[in-house]
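Please have a look at the sequence and the model on the screen, and then I will go through a few parts of it.

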Amino acid sequence: MTMVKTPTLLIAALALCTGAQANTYLTIGDVAPSLSHVSWLKGQPVSGFENGKVYVVEFWATWCEPCKENIPNLTLLAKKYAGKVSISGIDIWESTDRRDATYRARVESFVVKQGDKMAYTVGVDDPSADTANSWMKAAGEGGIPMSFVIGKDGKIAWMGHAQGLDEVLGQVVAGTFNVQAAKDRRKTEVEVIRPVKEAMDAKQFSKALSLMDSISAKRPEMKRFYQYDRYTAFAHIDLPKTKQLSAQLIKESGGEIGLYQMMSSVYATQKDLSPEAYRFGMSLIQEALAKKEREYLFLSMAAAVSMSQKDKAGAIAYARQAVNAAQKDSHAPAPFVEFLKRNLQEFESAKIP
């Protein structure tokens with residue numbers, strides 16, 4: 001099981017430093033951040049990390065296939081370590097827009113459907129992504145599922161993918177886990193990941209792809225971690241490869257709507273793609289719309305792509321449809337409807353050169 005790169009937030013510049021000096025990143029051995037901005041949907045809320053207790057905080061999203069695959073594993077661990085370890089799954093990065101509050105209803109519906117299959121505490125981040133920022137962004141992490149183990153001293157004892165979590169928990173509970181060794185390994189991992197982020201930020205996409213391939217060859221489990229960055233890079237420099245990758249991902253996911261949302265978000269947010277890339281992005285959005293799921297989200301993305309194509313009339317038409325679809329959707333709260341209305345007004349007043 002591997003990680004999926006978030007389509008909503010890109011990794012911050014990665015650099016781990018030892019010591020409590022300025023500009024350090026959250027790492028193993030640091031005091032665990034707060035979960036005060038989490039809305040709890042199921043189980044016993046975690047109001048703080050008590051001394052003498054062990055906690056697992058895993059970050060996930062409903063669109064993330066590896067995250068969903070890991071749910072049974074977390075449930076097994078929660079039962080195995082009942083009374084010894086508190087396990088919480090915190091949903092983050094659920095929307096392509098931070099002002100979109102509709103995700104809470106989606107997450108809650110998902111959790112309800114899971115029932116006893118998801119037998120641990122579950123919460124969801126707030127629209128401002130405060131929790132994701134104080135944990136994931138602060139740690140320089142952009143892939144989920146991502147687990148943090150908080151030791152009996154309230155400090156982070158381990159962070160990483162769920163694979164191997166059982167062994168780590170057993171040692172943390174027994175008091176035999178080597179935190180310093182884990183911290184040293186963490187530093188090495190971040191130093192490997194950082195160049196990819198820097199290349200993407202500099203729009204050196206060929207270099208970024210080369211780095212991803214090199215890292216994945218040494219660490220195959222990292223391949224899906226780079227899914228979003230890889231897709232974004234190809235969308236900029238190799239459209240045929242982008243189309244091939246899109247078809248592959250759609251086939252592997254069985255046409256999962258969340259996968260369409262991830263891909264479509266690239267074309268909606270990237271403002272320097274080729275006309276051909278935007279046309280292909282629009283075709284993906286049309287495929288998603290045919291599924292009749294989250295229509296107002298895809299209509300709003302179609303509006304954004306139309307603007308990038310300098311099609312003001314098309315953008316306004318899609319934006320109007322997005323507003324109408326959201327008003328008819330019971331899962332679309334008033335604040336998001338207002339956001340879509342503001343988008344429509346911006347498109348109407350935009351000047352296209």
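This is a predicted model: local features need pLDDT of at least 70, side-chain atom pairs count only at pLDDT 80 or more; totals for chains, interfaces and linings use all residues.

Residues are numbered from 1 along each chain as its sequence is written, and side-chain values use heavy atoms, with hydrogens and water left out.

Helices (H or I, at least four residues) and strands (E, at least two) are DSSP runs, numbered from the N terminus, and the expected span of a helix is 1.5 Å times one less than its number of residues.

Which residues of H9 are buried? They are Leu239, Thr242, Leu245, Ser246, Leu249 and Ile250, where buried means under 20% relative accessible area, exposed over 50%, and partly exposed in between, with a 1.4 Å probe and protein chains only. Seen down the axis of H9, these buried residues fall within an arc of 135°, and therefore they line one face of the helix; the arc is that of the directions from the helix axis to the C-beta atoms.

On the face of H9 turned away from the buried side we find the exposed residues Pro240, Gln244, Lys251 and Glu252. The cover over the buried residues of H9 includes helix H8 (227-237), helix H10 (257-269) and helix H11 (275-289), with contact taken as heavy atoms within 4.5 Å.

At the N-terminal end, aspartate 238 caps H9, with a side-chain oxygen 3.1 Å from the backbone nitrogen of lysine 241. After H9 comes glycine 254, which has a positive phi near 70°.

Let me move on to the neighbouring helix. The buried residues of H11 include Tyr278, Phe280, Met282 and Leu284, and the buried residues of this helix pack against H8, H9, H10, H12 and helix H13 (312-328).

Now to the cores. A nonpolar core here is a set of buried Ala, Val, Leu, Ile, Met, Phe, Trp, Tyr and Cys residues joined through side-chain atoms within 4.5 Å. The largest one has 63 residues, and those that touch the most other members are Tyr226, Tyr231, Met263, Tyr267, Leu284, Phe298 and Leu340. Helix H12 (residues 295-308) gives the most to this core, with 10 residues. A second, separate core has 56 residues, among them Tyr55, Phe59, Cys64 and Cys67.

In the loop between H10 and H11 sits glutamine 270, which counts as buried because its relative accessibility is 14%. Its side chain makes a polar contact of 3.4 Å with that of histidine 236. By a polar contact I mean a pair of N or O atoms within 3.5 Å; within protein, one must be able to donate a hydrogen and the other to accept it, and residues adjacent in sequence count only if both atoms are side-chain atoms.

Turning to the strands, 6 of the 7 residues of strand S4 (residues 85-91) are buried, so this strand is largely enclosed by the rest of the structure. S4 pairs with strand S3 (residues 54-60) in the parallel sense over 7 bridges, and S4 also runs parallel to strand S5 (residues 121-124), to which 4 bridges join it; two strands pair if DSSP finds at least two bridges between them.

Finally, some backbone details. Most residues other than glycine have a negative phi, and most peptide bonds are trans. In this model a cis peptide bond, with omega about 5°, joins isoleucine 144 and proline 145, and the backbone oxygen of proline 145 is reached by the side chain of histidine 161 at 3.4 Å. Lysine 292, although not a glycine, has a positive phi of about 60° and lies in the loop between H11 and H12. Lysine 310 likewise has a positive phi, near 60°, and is placed in the loop between H12 and H13.
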